[in-house]
Amino acid sequence: MCRPRHLTAVQNDEVRGHGPFPFYLHRFKRIDSPLCVCGQVGDADHYTFDCSLTKDFHLLKPADANKKMWFKNLLNNRQAIGKLSESFRISNELCDSLTRTGDF
Ligand SMILES: [Zn+2]
């Protein structure tokens, strides 16, 4: 299928939390539901910390108060970025299948 231009653009923003997630696809009206196939809201945090599909690549969740510093450190942490991109690759594939089955 043909990927809409705005989705390609947001993929470059993955690290900032605007990747190909059900939550965002739903906001762009690409799919009916913001939920992941596991039943929880499929946003960036979900795939980074919670989703069973990406559990091999989960990062340790920081306390909300530390999130800003955590994120700053993350950008200098190659291993964490590697995990993050694996999680987002999985969510990307998931979104592809969701948009295909959604058949808009
Ligand atoms: Zn999930």
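When residues up to four places away in sequence are left out, His 26 touches Ile 31, Ser 33 and Pro 34. The C-alpha atom of His 26 is separated by 9.7 Å from that of Gly 42, a residue 16 positions away along the chain.

Lys 29 belongs to the loop between H2 and H3. Its phi angle is near 65°, a positive value in a residue other than glycine. Lys 29 has 8 other C-beta atoms within 10 Å and is therefore exposed, the limit for that class being 12 or fewer.

Leaving aside neighbours within four places in sequence, Leu 94 is in contact with Val 37 and Leu 53. With 15 other C-beta atoms within 10 Å, Ser 85 is partly exposed. A distance of 8.9 Å separates its C-alpha atom from that of Phe 57, 28 residues apart from it along the chain.

The largest nonpolar core contains 14 residues. Those that touch the most other members are Phe 21, Tyr 24, Leu 25, Tyr 47, Cys 95 and Leu 98. At least two residues of this core are supplied by each of helix H2 (22-27), helix H3 (44-50) and helix H5 (78-102). H5 provides the largest share, five residues. Tyr 47, one of the core residues named above, has contacts with Phe 21, Thr 54, Ser 87, Phe 88, Ile 90 and Ser 91 when residues up to four places away in sequence are not counted.

At the level of the whole chain, the model has five helices and zero strands, giving the pattern α-α-α-α-α along the sequence. The chain has 104 residues, of which 23% count as buried. Among contacts between residues at least 6 apart in sequence, 48% join residues at least 24 apart.

The average pLDDT is 83, and 78% of the residues score at least 70. Helix H3 has the highest confidence, at 94, whereas helix H1 (residues 5-11) has the lowest, at a mean of 44. Over residues 1-17 the pLDDT stays under 50. The model has 15 contacts beyond four places in sequence for this segment. Where pLDDT is low, the predicted coordinates should not be read in detail.

Methods. Residues are numbered from 1 along each chain as its sequence is written. This is a predicted model: local features need pLDDT of at least 70, side-chain atom pairs count only at pLDDT 80 or more; totals for chains, interfaces and linings use all residues. A nonpolar core is a set of buried Ala, Val, Leu, Ile, Met, Phe, Trp, Tyr and Cys residues joined through C-beta atoms within 7 Å. A residue is buried if 20 or more other C-beta atoms lie within 10 Å of its own, exposed if 12 or fewer, and partly exposed in between; C-beta atoms are placed from the backbone. Helices (H or I, at least four residues) and strands (E, at least two) are DSSP runs, numbered from the N terminus. Two residues are in contact if their C-beta atoms, placed from the backbone, lie within 7 Å. pLDDT is the predictor's confidence in each residue, from 0 to 100.
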